[in-house]
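Please look through the structure shown here together with its sequence. The paragraphs that follow lead through it part by part.

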Amino acid sequence: MVPATRAGRVLRLRKGRTVATNLPGPTNPETIFTYGSPLVKFGFGAAEEIGFDLAQYGVRRALVVTDRGVAATGAPHRVADQMAKFGIEAHVYDGVHVEPTDTSLEAAIAHARESGPWDAFVGVGGGSSIDTAKAVNLMLTNPGELMDYINPPVGKGAAPVNPLKPLVAVPTTTGTGAESTTVCVLDVLALKVKTGISHARLRPTLAVVDPRLTFTQPAGVTASAGMDILCHALESYTARSYRTFEHKTPQQRVPYCGSNPISDMWSEKAMRLLATSFRTAVLHGEDEQARADMAIAATFAGMGFGNAGVHIPHANAYPIAGRVRDFHPKDYPEHEPMVPHGMSVALTAPEAFRFTFDAAPDRHLQAAEMLAPGADRPAKDAEILPSAIVALMRDIEIPNGVAAVGYTDGDIPDLVDGTMKQQRLLATCPKPVNEDDIAAIFARSMELW
Ligand SMILES: NC(=O)c1ccc[n+]([C@@H]2O[C@H](COP(=O)([O-])OP(=O)(O)OC[C@H]3O[C@@H](n4cnc5c(N)ncnc54)[C@H](O)[C@@H]3O)[C@@H](O)[C@H]2O)c1
Ligand SMILES: [Zn+2]
């Protein structure tokens, strides 16, 4: 049964399936959703064909964008080297900052300008490298400053006026799904905020997902990035339906349009793959099947959330990562403190889904069943999904809550303030969420078990 709350109503979708929403009903409900994804080439050895693929676009000079950790695995240079036999001159830029900042993006853009012109860009690495390649591509093809394109209120949210160059995204982590999304995430250092650039033209032309490149991913990165997959799938699956928004004009359409039948399908697939392979990929990184499952799960979840959107755990992750003081996670660069993206998202996820449960109980229960089929279930329905997430976090050694990465109750007002700035994400939450709700989620997330 679906409990309808005070302001709540129940939308009857078809026999036996309901989506509850505590949201005020739209006066003119949306009837349209959009779905976008890049061309995808998946499989062992796929990265060896990038020279051929770029040659199809008439590319003569390509810039490979990566970070030093990924460069040390040799993968970016291998990708660059095989382009020569297709007449492509490729250079490797390895100055990407792990979790890009405005300063690191400006440095990459300056390097690309000085060493250009380039016909194409190839991001080889995790979300940090792929997002940096997106920003470089945007700024080498369009006028103005980076700030012009950053989402408001931090930037001006301008749309690119020119088409971008071909961008090939080659993930080496199993997490962000950045290879299929229209987003570039960055830290604006002066303002201590994480924000993004979001436009359909940022979407890579081609995603080359080669599980072999992920084998060198350390366990700590596999765990954190995998929690990002999990939260992308869960948040987009529980996002408010596109039908609960007001009807948009074509000009108003945004990449994140709410949960819809196509993104649901990808999120479901990703959850089933995580159920079988997440723990194995972290604990036995040499397991080829687990690595391949995680690689395709990351892309599937990216194809889901990249169209539906994410909500509270991602909104909370921005201030958790942005206000870090001295936490140094295992297997990440040690020279500066950070809470990696996937970890920062995971830390409030159990509480966030406890909070959203009553807005869409069926969805939460179905997600728990896909993630932990046959697991012992707590008696209260609202506890089933949070308990499945916590069990997974414990097994793969994600820190036990927000306090474990250095925050105290005294930080909650600042954290809440940071979350409330992410209205673009909170708008996809399946129920209204205010400052008190977020404060309670942070307070209960200080220690999770
Ligand atoms: N664009 C999007 O849609 C999107 C979505 C989610 C997150 N993000 C952003 O992506 C970034 C996080 O990306 P990520 O989690 O993929 O990790 P990452 O790119 O930050 O890399 C994490 C660490 O793993 C290392 N590494 C990566 N692949 C490796 C490999 N195969 N072998 C050895 N070391 C390897 C890197 O050198 C780095 O030290 C954040 O900035 C986050 O905000 C973007
Ligand atoms: Zn994410």
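Helix α7, residues 219-238, packs against helix α8, residues 261-283, at an angle of about 155 degrees, and their axes lie 9 Å apart. Angles over 145 degrees count as roughly antiparallel, so α7 is roughly antiparallel to α8. The crossing in which α7 passes α8 is left-handed. On the α7 side, the contact is made by A219, T222, A223, G226, M227, I229, L230, A233, L234, S236 and Y237. On the α8 side, the residues are D264, S267, E268, A270, M271, L274, F278, A281 and V282. What is the make-up of this contact in nonpolar, polar and charged residues? Between α7 and α8, 14 of the contact residues are nonpolar, four are polar and two are charged.

All of this is read from a predicted model. The average pLDDT of the chain is 93, and 95% of the residues score at least 70. Residues 1-20 have a pLDDT below 50, and in the model this stretch has 36 contacts beyond near neighbours in sequence.

Helix α12 covers residues 349-356 and helix α17 covers residues 435-444; their axes come within 8 Å and cross at roughly 135 degrees. The crossing of α12 past α17 is right-handed. E351, A352, R354 and F355 of α12 make this contact with D437, I441 and R444 of α17. Three of the residues in the contact of α12 with α17 are nonpolar, none is polar and four are charged.

Next comes the sheet. Six strands form an open sheet with parallel pairing, and their order across it is β3-β10-β7-β6-β4-β5. Which strands stand at the edges? They are β3 (39-42) and β5 (89-93); each has a single partner strand, so one side of each is left without a neighbour in the sheet. From one strand to the next, the twist averages 20 degrees.

Within the sheet, one pairing can be followed residue by residue. Strand β4, residues 61-65, pairs with strand β6, residues 120-125, in the parallel sense over four bridges. V64 has V122 of β6 as its bridge partner. Helix α5, residues 127-141, packs on the sheet and touches β4, β6 and β7 (167-171). The direction of α5 makes about 165 degrees with that of β6.

One joins G116 and P117, with omega about 5 degrees. P117 sits in the loop between α4 (102-115) and β6, and β6 is the strand that pairs with β4. Another cis peptide bond, also with omega about 5 degrees, joins P152 and P153. Where is P153 found? Its place is the loop between α6 (146-149) and β7, and β7 is one of the strands touched by α5.

K192 belongs to the loop between β8 (183-188) and β9 (193-198).

Notes:
Residues are numbered from 1 along each chain as its sequence is written. Chains are lettered from A and ligands numbered from 1 in the order in which they are written. This is a predicted model: local features need pLDDT of at least 70, side-chain atom pairs count only at pLDDT 80 or more; totals for chains, interfaces and linings use all residues. Side-chain values use heavy atoms; hydrogens and water are left out. Two strands pair if DSSP finds at least two bridges between them. Helices (H or I, at least four residues) and strands (E, at least two) are DSSP runs, numbered from the N terminus. Axes are lines fitted to C-alpha atoms, for helices over the stretch in contact, and angles run from 0 to 180 degrees between N-to-C directions. Contact means heavy atoms within 4.5 Å. pLDDT is the predictor's confidence in each residue, from 0 to 100. Angles under 35 degrees count as roughly parallel, over 145 as roughly antiparallel, 65 to 115 as roughly perpendicular and the rest as oblique. A crossing is left-handed if the near helix is turned anticlockwise from the far one by less than a right angle, and right-handed if clockwise. Ala, Val, Leu, Ile, Met, Phe, Trp, Tyr, Cys and Pro count as nonpolar, Asp, Glu, Lys and Arg as charged, and the others, Gly among them, as polar.
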